[in-house]
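Welcome! Here is a short tour for anyone meeting this structure for the first time.

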Amino acid sequence: MQWSEYSTAERLKSLRGGMTQEQLAEAARVSVGVVRKLERGGTASLPSLLSIADALGTDIAVLFGQQAPRRSMARNERAALRLVSAATHDAAIGIPTDVEPGTVEELREAVQRADAAYWAGRYTELGTLLGQLLPEARARYDAAGTAEKEAAGGLLVDVFQTAGMAANVWGARDLAYAALTYGRQVASQVGDDLRDAHLAATTSWVNLRDGRTKQGFALAAAQADRIEPRMSEHNPDRLSVYGQLVTNAAVAASRGGATNDTAREYLSQAHAVAARIGNEHARGRHAQPYGPMYAATQAMSVAVALGDVSGALELMGTTRLDDDRVPLATRARYGLDVALIHVEVRRWEPAAHQLDQVCKMAPEWVRHQTLPGVIVSRLAGVSVSRLRILAQAAGVPLGVR
């Protein structure tokens with residue numbers, strides 16, 4: 001019998017192992033009644049589920065029976081992941097390639113195409129692009145003279161960052177950590193402090209996807225302290241990276257990496273820096289834009305994790321993602337948070353409609369996310385036939401309950 005075929009109650013009992021219900025409840029900071037309810041086939045709020053998964057040292061996707069993304073990927077995506085893995089490690093080692101690399105400017109345009117594929121959820125295309133970019137960027141960096149070394153190094157750092165983000169989506173956490181570490185090493189070599197901090201922000205996000213909320217919070221908070229801009233500074237690139245770090249610290253804190261008050265404090269900083277930027281801005285055209293709209297989407301994630309339903313409902317009424325600079329993945333993630341809030345207030349049909357919209361908006365992206373499994377498992381007021389259609393579209397095993 002496959003893992004996805006067990007009920008959530010059975011998976012929780014198995015993951016608990018020799019730990020008693022009382023011990024798990026204490027470690028997760030939830031009542032023992034919540035654990036007992038889940039093991040009897042009931043449901044719990046997302047904050048409780050996140051805390052329980054963290055206490056078990058696992059990801060919520062495991063708790064809900066979703067296979068690891070690398071196992072559930074289509075054949076072409078598995079091939080893309082293998083290609084990116086080999087290219088990432090070869091580029092880090094500096095294995096010579098027979099390919100004549102393009103100029104820094106030509107490769108920079110290729111990096112932008114790769115990042116456009118990432119944010120649009122075109123992962124097979126992304127794998128092909130990275131498989132070519134990584135060896136060429138390394139070759140250009142190795143061949144660069146003193147005058148070009150910094151620019152070539154920055155280019156290689158950006159390619160490693162994209163590879164790390166792609167690996168994170170595919171569920172290949174070890175590869176994600178490796179790619180981002182390789183990028184930070186190159187950033188250090190060329191003295192690019194801002195790129196190093198940006199890679200740290202991405203690494204903290206990988207920690208969140210890996211269920212390592214405390215580590216994600218510690219890294220994001222430390223790096224934010226290190227690069228915090230002066231009040232008189234208005235460099236949008238630095239403000240954007242700093243904003244990413246304090247936002248990641250807020251999200252990590254809300255998911256158990258620190259206290260709820262700490263989450264709110266960092267979220268307040270995130271809104272403040274977004275207001276200083278004034279509109280969505282990215283460090284380089286390939287990066288996640290940061291500004292008031294992005295801060296609002298992450299405020300929704302924090303509200304959901306904290307169980308602040310009234311705050312989330314207020315955000316739903318005021319947040320409009322109508323700017324083309326907001327990437328598809330960001331809009332889709334916000335849509336999942338909206339669907340989950342509808343579930344929390346038992347608005348079954350709006351929740352199902354919102355999940356359906358996300359599945360149609362970002363069909364490849366959504367199949368690598370964990371929230372659809374949570375939403376499908378809790379859609380109590382939706383017909384079985386519609387639930388099956390939604391589960392299939394979101395890539396959620398039909399056995400999830």
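This is a predicted model: local features need pLDDT of at least 70, side-chain atom pairs count only at pLDDT 80 or more; totals for chains, interfaces and linings use all residues.

Residues are numbered from 1 along each chain as its sequence is written, and side-chain values use heavy atoms, with hydrogens and water left out. The chain has 22 helices and zero strands; helices (H or I, at least four residues) and strands (E, at least two) are DSSP runs, numbered from the N terminus.

**The chain as a whole**

- The radius of gyration is 21 Å, which agrees with the value near 21 Å for a compact globule of 401 residues; this radius is taken over C-alpha atoms, and the globule rule is 2.2 Å times the number of residues to the power 0.38.
- Along its principal axes, the C-alpha trace spans about 65 × 50 × 40 Å.
- Of the 401 residues, 58% count as buried, where buried means under 20% relative accessible area, exposed over 50%, and partly exposed in between (1.4 Å probe, protein chains only).
- Among contacts between residues at least 6 apart in sequence, 70% join residues at least 24 apart; contact means heavy atoms within 4.5 Å.
- The 44 positive and 43 negative charges have mean positions 7 Å apart. Lys and Arg count as positive and Asp and Glu as negative, with His and the chain ends not counted, and each charge is placed at NZ of Lys, CZ of Arg, CG of Asp or CD of Glu.

- Helix H11 covers residues 173-189, and its 17 residues reach 24 Å from first C-alpha to last, close to the expected 24 Å; the expected span is 1.5 Å times one less than the number of residues.
- The buried residues of H11 include Leu175, Ala176, Tyr177, Leu180 and Val186, and Arg173 is also among them.
- After H11 comes glycine 191, with a positive phi near 70°.
- Helix H13 (residues 213-227) has 15 residues and reaches 21 Å, close to the 21 Å expected.
- Among the buried residues of H13 are Phe217, Leu219, Gln223 and Ile227.
- Those buried residues of H13 pack against H4, H11, H12 (193-209), H14 (236-257) and H15 (260-277).

- Valine 34 is in helix H3 and is buried, with a relative accessible area of 19%.
- Leaving aside neighbours within four places in sequence, valine 34 is in contact with Ala44, Ser48 and Ile52.
- Serine 48 belongs to helix H4 and is buried too, at 15% relative accessible area; its contacts beyond four places in sequence are Val30 and Val34.
- Serine 45 sits in the loop between H3 (32-39) and H4 (46-55), and it counts as partly exposed because its relative accessibility is 27%.
- Beyond four places in sequence, serine 45 is in contact with Glu344 and Arg378.
- Serine 45 and methionine 300 are 255 residues apart in sequence, with 15 Å between their C-alpha atoms.

- Isoleucine 341 is found in helix H18 and is buried, with a relative accessible area of 2%.
- Not counting residues up to four places away in sequence, isoleucine 341 touches Met300, Val304, Ala312, Leu313 and Met316.
- The C-alpha atoms of isoleucine 341 and aspartate 308 are separated by 9.4 Å, and the two are 33 residues apart along the chain.

**Two arginines with positive phi**

- Most residues other than glycine have a negative phi.
- Arginine 29, although not a glycine, has a positive phi of about 60°; it lies in the loop between helix H2 (21-28) and H3 and counts as exposed, at 57% relative accessibility.
- Arginine 346 also has a positive phi of about 60°; it is placed in the loop between H18 (328-344) and H19 (348-361) and is exposed, with a relative accessible area of 62%.
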